[in-house]
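Hi,

Here is the structure I said I would pass on.

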Amino acid sequence: MASTQDTISVHHAPAPTDLRVRRLLLAAAAVAIVSSACDRRREPAPRGTVPAVTWRALEPSSLPADQQARITLATDARNDMFGRLMSALGQAMATEGTAGAIDVCRQRAPQIAQEVGAAHGVRIGRTSERLRNPDNRAPAWAQAFLSERPEAPVYALADDGTLGAVLPIRIMTLCLACHGAPASIAPAVRDALAMHYPDDAATGYAEGDLRGWFWVEVPAGG
Ligand code: HEC
């Protein structure tokens with residue numbers, strides 16, 4: 001004699017045709033879901049949109065231990081770039097004079113940023129809120145932190161794992177020849193600056209002034 005359990009299961013077991021219909025419906029639904037997902041993926045991203053990445057500043061007094069090595073990497077890259085810029089500048093000023101050195105600065109500075117970036121596996125650049133070259137505008141994440149004109153390093157972490165560093169640059173005596181008060185800049189230097197940088201906003205500084213910042217991006221896993 002069949003138990004109650006058997007009876008119930010028999011009663012509720014779908015007929016073979018029912019099962020086939022259900023499988024078909026399920027398969028159709030799966031195809032619909034997959035193809036609509038593919039359609040969505042195939043749609044081109046709207047123009048001018050970049051996947052949103054959120055950045056948050058890291059508290060300087062308690063930098064996470066797992067970020068320390070990456071902060072050192074960012075600082076090393078900055079030191080390397082600063083060293084290479086200073087030696088190119090010193091050499092150019094000695095051999096070409098200050099006005100001639102402007103050309104060297106113009107050509108070498110972006111190359112040095114590329115070389116240092118490649119050597120350290122980072123992206124790096126120099127920026128300021130008073131730019132000489134408009135191409136030196138900071139990436140958007142850095143601009144957000146620069147609006148407060150930080151006088152000390154700022155470190156930030158993106159939700160995609162990128163570490164960002166913003167490191168202040170100050171004016172030294174040597175810089176005044178090209179970034180000092182306009183009246184104190186040699187006429188040949190002023191002319192060369194006016195020719196190459198008609199919108200130059202990077203004069204009028206005194207020694208010790210905050211001139212701008214290095215920004216460094218250390219990619220996730222870097
Ligand atoms: C021989 C002239 C000269 C001297 C000296 C000089 N600079 Fe500049 N500086 C330039 C030029 C030219 C540019 C634009 C380079 C470019 O086109 O990327 C520039 C750009 C910069 C930038 C990038 C932001 C911007 O405004 O485009 C910073 C930061 C900067 N200089 C800081 C300094 C500091 C700090 C010193 C001293 C250590 C210094 N410079 C000395 C000529 C000079």
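Leu 157 counts as buried because it has 20 C-beta neighbours inside 10 Å (buried means 20 or more other C-beta atoms within 10 Å of its own, exposed 12 or fewer, partly exposed in between, with C-beta atoms placed from the backbone). Before I go on: this is a predicted model, where local features need pLDDT of at least 70 and side-chain atom pairs count only at pLDDT 80 or more, while totals for chains, interfaces and linings use all residues. Residues are numbered from 1 along each chain as its sequence is written.

Back to Leu 157, which is found in strand β3 (strands are DSSP runs of E, at least two residues, and helices are runs of H or I, at least four, numbered from the N terminus). Leaving aside neighbours within four places in sequence, Leu 157 is in contact with Arg 56, Leu 58, Gln 67 and Leu 163 (contact means C-beta atoms, placed from the backbone, within 7 Å). Leu 163, in β4, stands opposite Leu 157. Strands β3 (residues 154–158) and β4 (residues 163–170) pair in the antiparallel sense over four bridges (pairing takes at least two DSSP bridges between two strands).

Now the whole sheet. It is open, with five strands in the order β1-β3-β4-β5-β2 and antiparallel pairing. At the edges, β1 (55–57) and β2 (123–127) each pair on one side only. On average, neighbouring strands are turned by 20° against each other, direction ignored. Helix α3 (residues 65–120) packs on this sheet and touches β2, β3, β4 and β5 (210–218), its direction making about 130° with that of β5 (axes are lines fitted to C-alpha atoms, for helices over the stretch in contact, and angles run from 0 to 180 degrees between N-to-C directions).

α3 also packs with helix α6 (residues 187–196), at an angle of about 30° and with the axes 8 Å apart. That makes the two helices roughly parallel (the term covers angles under 35 degrees). On the α3 side, the contact is made by Thr 98, Ala 99, Ile 102 and Arg 106; α6 brings Ala 188, Val 189, Ala 192, Leu 193 and His 196.

Cheers

Technical notes:
Two residues are in contact if their C-beta atoms, placed from the backbone, lie within 7 Å. Angles under 35 degrees count as roughly parallel, over 145 as roughly antiparallel, 65 to 115 as roughly perpendicular and the rest as oblique.
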